[in-house]
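Please look at the sequence and the model below before reading on. The paragraphs that follow begin with a single strand and widen the view from there.

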Amino acid sequence: MTAPIIQIRDVSKRYDVGRPALAGLNLEVRAGEALAVLGPSGSGKSTLLNLVAGLDQPSEGGVTVDGVRVDTLSEAALAKYRRERIGMVFQFFNLLDDLTVEDNVLLPAQLAGMPRGKARTRTAELLEHLGIARHARAFPGRLSGGERQRVAVARALMNHPPLLLADEPTGALDTASAADVRELLVELNRTGQTILLVTHDTALAASCAARTIELVDGRIARDIRTAAR
Amino acid sequence: MSALGKVVRAGVGRRRVQTLVMTLTTMMAVTASVLAAGLLVASQAPFDHAFAKQKGAHLTAQFGGAKVTAARLAGTAHAPGVTAAAGPFPVLALRPRPGRNRFGMPADDRLPPMTIVGRATPGGPVDDIDLVAGRWATGPGQIVMNEGGVPFDIGDQMTFPDLPGGPTLTIVGVAKSVGASAEAWVSPAQLAALTAPGRTPAHQMLYRFARAATDAQIAADRAAIAASVPPGAMTGAASYLKIKLAASRTSATFVPFVVAFAVLGLFMSVLVIGIVVSGAVSAATRRIGILKSLGFTPAQVVRAYVAQALIPATVGTVLGVAFGNLLSIPVLGEAEHAYGTGTLTIAPWIDIAVPAAALTAVAATALVPALRAGRLRTVEAIAVGRTPRAGRGRAIRRLLGRLPLPRPVSLGLATPFSRPARSATIAAAVALGTIGVTFGVGLAMSLSDIQDGLNRRTPGAVVVLAVPPPGTGAPQAADPTAIAEKIRAQPGTRRFFRTGQTRVGVAGLAEATTVIAFRGDSSWGSYQMVSGSWFSGPGQAVVPSGFLNATGTHIGDTVTLTGDGRAAPVRIVGEALDLHEEGMTVLTDDASLAGLGVPVAPESIQFAVDLRPGTDAQAYLNSLNAALRPLGVSAQANSGEVSGVVVAMDTLAAMLTLMLVAVAGLGVLNTVVLDTRERVHDLGVLKALGMSPRQTVTMVITSVAGIGLLAGALGAPIGVALHDRVLPAMGRAAGTRFPAADIAVYDVRVLVPLVLGGLVLATAGALLPAGWAARTRTATALRTE
């Protein structure tokens with residue numbers, strides 16, 4: 001069995017007075033695993049994703065990703081962590097509208113200081129692999145939702161992150177585009193990419209993830225493993 | 001509270017940074033405008049201001065005490081044209097001797113004749129005297145001195161040994177009469193006690209007239225007074241116009257640079273208010289869409305957003321008026337000291353006009369984007385608010401992305417192109433700030449150079465006066481030849497020359513002119529030249545600009561000096577920088593005066609001594625003083641002078657420059673805050689992709705750095721041009737031309753930092769929002785739409 005890439009120990013997160021967003025959560029995700037996190041609105045799904053991404057800090061407990069104790073990092077170290085160890089895909093793509101597809105994908109590499117030639121080669125590879133090479137010079141506003149999400153995935157994979165975080169990646173897409181993205185995620189996981197997927201969509205979870213957890217009121221209500229997809 | 005009121009209050013309260021910046025910026029703009037406008041008004045007519053405040057006398061008339069009665073004189077208050085009169089006051093011209101005093105004046109010296117008036121109180125319908133220090137003389141043995149006269153301080157004494165009983169008076173106060181009605185005041189009873197047996201004090205009457213704007217009007221008024229008293233009773237009369245002329249020369253020198261700052265301040269105020277208000281309204285476009293979707297009418301939307309701009313602007317305006325008036329106290333204090341014309345304050349109408357203009361500008365500026373917002377279709381308003389307009393500057397962004405620059409830098413450099421209008425306003429604010437700094441720095445440097453130039457009137461490290469120092473009791477000036485021998489024999493003396501003054505006539509001029517005669521090689525210690533050269537021998541002369549203006553002569557012309565019935569022509573070879581005696585002096589070799597028979601006054605002789613390099617000045621002074629002691633004179637270190645006018649100008653210029661810079665910085669700050677708020681979602685994305693806090697700061701700073709550099713490069717030459725126009729105007733007002741070297745103060749070492757100053761200003765303004773952007777929580781930023 002492979003080592004855990006995500007280790008979450010006794011994590012709680014409180015924003016204000018009232019019920020915590022996460023309450024004493026424990027979770028391990030193995031390298032190469034695709035884990036889907038399901039749950040109703042306010043169950044703590046996005047909070048969990050933000051903690052793993054280092055976008056937020058737990059009130060209690062610890063989050064370790066790829067051997068890095070994320071909750072203790074400084075802002076600068078978190079930036080480095082996000083560059084090198086995770087890639088993020090958002091529901092609304094979060095592409096920079098003023099940059100071309102190519103420049104959007106290049107960004108993580110440029111921020112990480114990757115040599116220009118190497119970064120361009122990797123970009124071309126990704127765009128080609130994800131079937132959007134013909135849009136390299138286009139601006140995101142001209143692409144369909146599915147194509148934009150492919151650009152977002154390409155950008156997320158730019159620095160070869162060991163962990164891909166996807167937050168409702170099909171939430172803003174039509175059925176055909178959603179199916180397209182679903183296939184892409186399955187394909188990525190098949191090649192060994194660890195994926196943490198947060199979604200409402202049980203069909204997406206079932207098709208992409210070998211393991212599904214359901215959060216209710218900040219706690220894991222169910223943890224289901226599928227033997228084979 | 002109405003729905004509109006709630007919306008306005010929420011808008012003001014929720015956007016705290018913008019509200020604060022708008023309040024501060026309006027405050028700074030109004031403060032600078034109040035100060036600049038107040039000073040401008042005050043400097044335009046400081047004499048008139050002080051004269052009106054003191055109800056100064058248009059005519060100070062003196063009447064023979066034995067020729068007209070006090071009652072008859074009191075009746076002249078009803079002479080034609082007289083609107084107010086004070087007096088008669090008894091007046092005497094006496095020559096006291098200094099008694100105990102802290103200025104070291106010898107007790108047995110006779111002071112020049114002093115006009116002493118007997119007045120019971122300083123106030124009255126005319127010449128309401130301003131008591132500067134101490135109290136009024138009300139009892140025996142007390143006297144009040146006019147400020148700026150013989151250097152007595154409160155507590156000092158003067159004696160009148162020639163009078164019966166040899167009375168001694170103690171100075172109990174210092175006062176200022178704008179019309180210079182007397183040199184000292186005592187109580188009427190004390191004046192009677194100062195009157196020698198058999199003498200009758202003269203009468204002084206002070207008049208104000210309905211028409212007193214010109215010499216001719218004053219002459220007519222004077223004739224009317226003279227006609228109402230016995231012939232010959234009026235023994236003298238002085239018009240206020242002469243004093244006004246002398247006073248306005250100093251104040252007029254202030255006007256050109258204060259006007260320059262006021263104009264810059266005005267532009268800056270309008271610009272910054274425009275930046276702040278249109279920024280605030282455009283940032284709230286989405287909110288406008290929501291309000292309209294809830295049923296707000298376009299007119300309500302317009303009113304809401306104009307009000308939202310006006311509330312912080314009103315707070316800032318009120319604070320600005322208060323600060324402007326507070327700051328004016330020390331600033332106008334310096335100016336009034338320099339003007340020498342009494343207490344100056346901000347004119348009340350400025351406290352009303354400036355806020356009214358500022359709030360009108362705010363309302364007008366807010367109205368334009370508010371009207372646009374009011375006309376927006378609801379769905380468009382929401383869409384515009386949700387997504388900043390994209391599409392502009394994409395080509396530049398792509399181009400910059402290809403350059404071998406760190407990505408945060410290229411992203412930052414491209415930012416201005418997506419909001420060209422906003423970038424232009426930042427550039428304008430920084431450029432105006434740079435113009436102000438460039439002008440202010442140049443002004444200070446020029447004034448310093450001019451001060452140095454004026455100080456070259458007394459060159460050398462050591463000065464020896466031929467007159468004994470005060471308090472030594474030595475009766476007369478020492479023999480200059482003996483002094484010269486002592487100086488020559490002193491080790492460490494490198495070179496020296498001597499000067500002496502006399503008064504000669506100049507053909508074509510009614511009044512005698514001071515000649516400063518140089519003996520010895522004075523080429524090393526020449527005055528700063530405006531043009532031409534220093535004289536090189538007898539028959540040549542150097543004159544200040546004032547002399548050339550008054551005589552209509554030019555370099556190369558010959559003027560004839562006259563004295564004792566004889567004439568000596570001298571050729572003008574140079575124009576020197578000198579403001580003494582209104583520039584009406586002639587500088588020439590001692591030998592040029594040989595034929596005139598008007599020797600220099602012995603007490604005016606002084607030596608300028610230059611020391612050999614490496615000579616210890618203090619040891620030299622000690623040694624020389626030991627040698628000079630038998631002659632009764634002493635040497636002093638030449639410490640130069642610092643003009644109060646120059647200090648006042650420097651203070652004013654520094655304060656106005658700082659205000660301009662602060663307002664420019666706040667303008668940049670507000671715009672970057674606005675920009676950062678609009679781009680907060682993009683910032684969240686970039687941070688989620690791994691942009692570090694340092695990279696975030698770099699990106700935000702770079703977004704204004706290019707503009708700052710460009711604006712600095714634009715503003716600095718404009719500031720230089722402004723300086724080069726204003727300085728000569730100041731010179732003309734002072735009655736001189738300034739040497740070109742004193743105006744050409746901007747060399748590369750000065751210009752480069754000034755150009756970079758634009759960069760620094762823009763960066764300083766962006767630092768705060770850059771830090772805020774770096775600290776923004778990524779998760780929060782990503783949720784922001």
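Strand β3 of chain A, residues 34-38, is mostly covered, since five of its five residues are buried, where buried means under 20% relative accessible area, exposed over 50% and partly exposed in between, with a 1.4 Å probe and protein chains only. This is a predicted model, in which local features need pLDDT of at least 70 and side-chain atom pairs count only at pLDDT 80 or more, while totals for chains, interfaces and linings use all residues. Residues are numbered from 1 along each chain as its sequence is written, chains are lettered from A and ligands numbered from 1 in the order in which they are written, and side-chain values use heavy atoms, with hydrogens and water left out.

In a regular strand, side chains alternate between the two faces of the sheet. In β3(A) both faces are covered, with A34(A), A36(A) and L38(A) buried on one side and L35(A) and V37(A) buried on the other. Helices (H or I, at least four residues) and strands (E, at least two) are DSSP runs numbered from the N terminus, and two strands pair if DSSP finds at least two bridges between them.

What are the partners of β3(A)? Strand β8(A), residues 194-198, pairs with β3(A) in the parallel sense over four bridges, and there A34(A) stands opposite I195(A). Strand β9(A), residues 211-216, also pairs with β3(A) in the parallel sense over four bridges, and in β9(A) the bridge partner of A36(A) is T212(A).

These strands belong to an open sheet of six strands in chain A, with the order β6-β7-β8-β3-β9-β10 and mixed pairing. At the edges stand β6(A) (86-89) and β10(A) (219-225), each with a single partner strand, so one side of each has no neighbour in the sheet. From one strand to the next, the twist averages 15 degrees, where axes are lines fitted to C-alpha atoms, for helices over the stretch in contact, and angles run from 0 to 180 degrees between N-to-C directions.

Helix α2(A), residues 75-85, lies across β6(A) and β7(A), running at about 80 degrees to β6(A). Helix α5(A), residues 145-157, lies across β6(A) and β7(A) as well, running at about 170 degrees to β6(A).

Key. Contact means heavy atoms within 4.5 Å.
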